[in-house]
Amino acid sequence: MHPTLRCLSASLAFSLLLVSAARAQHPQLEPTGADKPWPKVGFVEIFDGTKIPTLGRTNGENGDIITDMRGAGDGSGRIFLAERLGKILILKDGKLLPDPFLDITPQRTNSERGLLSIAFPPNYKTKGHFYVYRTDYTNGDVLIERYKVDPQNANHALADSAEILLRVTHSSQSNHNGGMLHFSPKDGDLYFGIGDGGAGYDPPLNGQNIGVYLGKMMRIDVEGKPDEGKPYHVPTDNPFLKTPGAMPEIWAFGLRNPWRWCFDSANGDMYIGHVGQDHWEQIYYQPGNDKGGENYGWSIIEGTHALPFPKNTDQPKGPNPKITYPVAEFSHDIPPLFISITGGYVYRGTEFPSWQGVYFFSDWGNGRNKELGQIWAMRRNAEGNWETHQVDGDASPLRKCHSFGTDDDGNLYAMSFADGKIYKLIELPEKK
């Protein structure tokens, strides 16, 4: 068979596999907007990082970028921007406030380290504290921290109030840190995804080992009464709480690098943009009523594909041997030539009703740096099967999208590593 036909045949076979897997695993799911046309996404620039001295250095690995942006859910209309070097800035009414909300610079930013995510608890307005996901400047360990807000100034957090809730050893490699915090809209617990520890093909085989935190999705209760000897509570229904030798905080395992993932704010569904190794990028899905315990297969497989190393494929599977496969998968070798997926958000804003329930995501590589668009969408059709589609034009201004953001109104934003700019996603009008 001609190589091109072989590739196309493989792609078709995999598409059929996804259809079958989606139907088998989730037969009663509701459609997520498949009765509407695909969005036609445009961009409005709302922030120019090149005008900030540190953020102008976005093209080098040691430069600074905005890694995360969130609303606080407090009715203030503020948008909080996390800088990788260690500041959190505030956008208010489209303008950047002159003083940072938090300043814990400098952070170690080589490769994938630094200040990676922020999260505000439910009822943040009355809580007076928030959470940070960062790496330790001295050794690269992953840290989950809580900071207090100045009671006299809501636009200022107290840098010396840091409380380390969890430290995960991550000193051997600088990549695969994970890096996203979210509170579940279903149970109010804090979830975060940690990478497998770095390097290629998971040399220590952390992904299937539930005796370590690396390569896992985690779940802890940080707002309730803490357990004795811990600064948080381990939920009593965590799936591996009673499994001998397991880290009780683990929610799911078998992940390589869940760099950007999200909850659907309407129903608690989880979407994981999962960065692959050499050939495949994946999107994983958990419904909001899920009980956890999923095994996503790393490092036995990459998506649905066996790895070329016997030590990986022959390793014992974790305590849940049934692998949960991705609902979408993108090849490095078959167009559109993904390189490194960037997970986004499910749209739940009100400005663009036809976007309701659609999951938006991107890829860092722009089709191997060709002039291709960067915004993709995923939804489920009436038969329960997943569909994906590129929804921006090939002349999009967004380049090397490394992260997405959202605000309290449900608007979506995309961030450009290439020039430090942030764009609001908008619906383009129909051409007349």
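Lys424 counts as buried, at 16% relative accessibility (buried means under 20% relative accessible area, exposed over 50%, partly exposed in between, with a 1.4 Å probe and protein chains only). The model is predicted: local features need pLDDT of at least 70, side-chain atom pairs count only at pLDDT 80 or more, and totals for chains, interfaces and linings use all residues. Residues are numbered from 1 along each chain as its sequence is written, and side-chain values use heavy atoms, with hydrogens and water left out.

Lys424 and Glu351 meet through their side chains in a salt bridge of 2.9 Å, N to O (a side-chain nitrogen of Lys or Arg within 4 Å of a carboxyl oxygen of Asp or Glu). The pair links distant parts of the chain, 73 residues apart. Lys424 lies in strand 27, and Glu351 in the loop between strand 21 (341-346) and strand 22 (helices are DSSP runs of H or I, at least four residues, and strands are runs of E, at least two, numbered from the N terminus). Glu351 is partly exposed, at 42% relative accessibility. A network of salt bridges with shared partners joins Asp187, Asp189, Arg219 and Asp237.

The structure holds 16 salt bridges. One of them joins Lys40 and Glu430, at 3.9 Å from N to O. These two residues are 390 residues apart. Lys40 is in the loop between helix 1 (3-25) and strand 1 (41-48), while Glu430 is in the segment after strand 27 (421-427). Lys40 is partly exposed at 38%, and Glu430 is exposed at 59%.

Aromatic pairs number 31 (rings of Phe, Tyr and Trp, the last by its six-membered ring, with centres within 6.5 Å; planes under 30 degrees apart count as stacked, over 60 as edge-to-face and the rest as tilted). Tyr271 and Tyr359 are stacked, because their ring centres are 4.7 Å apart and their planes stand at 15°. Tyr271 belongs to strand 16 (residues 270-274) and Tyr359 to strand 22 (residues 359-363), 88 residues apart. Tyr359 also stacks with Phe361, with centres 5.8 Å apart and planes at 15°. Tyr271 is buried at 1%, Tyr359 at 0% and Phe361 at 0%. One aromatic cluster includes Tyr271, Tyr359, Phe361 and Trp376.

Charges also sit over rings (NZ of Lys or CZ of Arg within 6 Å of the ring centre and within 35 degrees of the ring normal). The charged end of Arg379 is 3.7 Å from the ring centre of Trp38. Arg256 lies over the face of Trp298, 5.7 Å from the ring centre.
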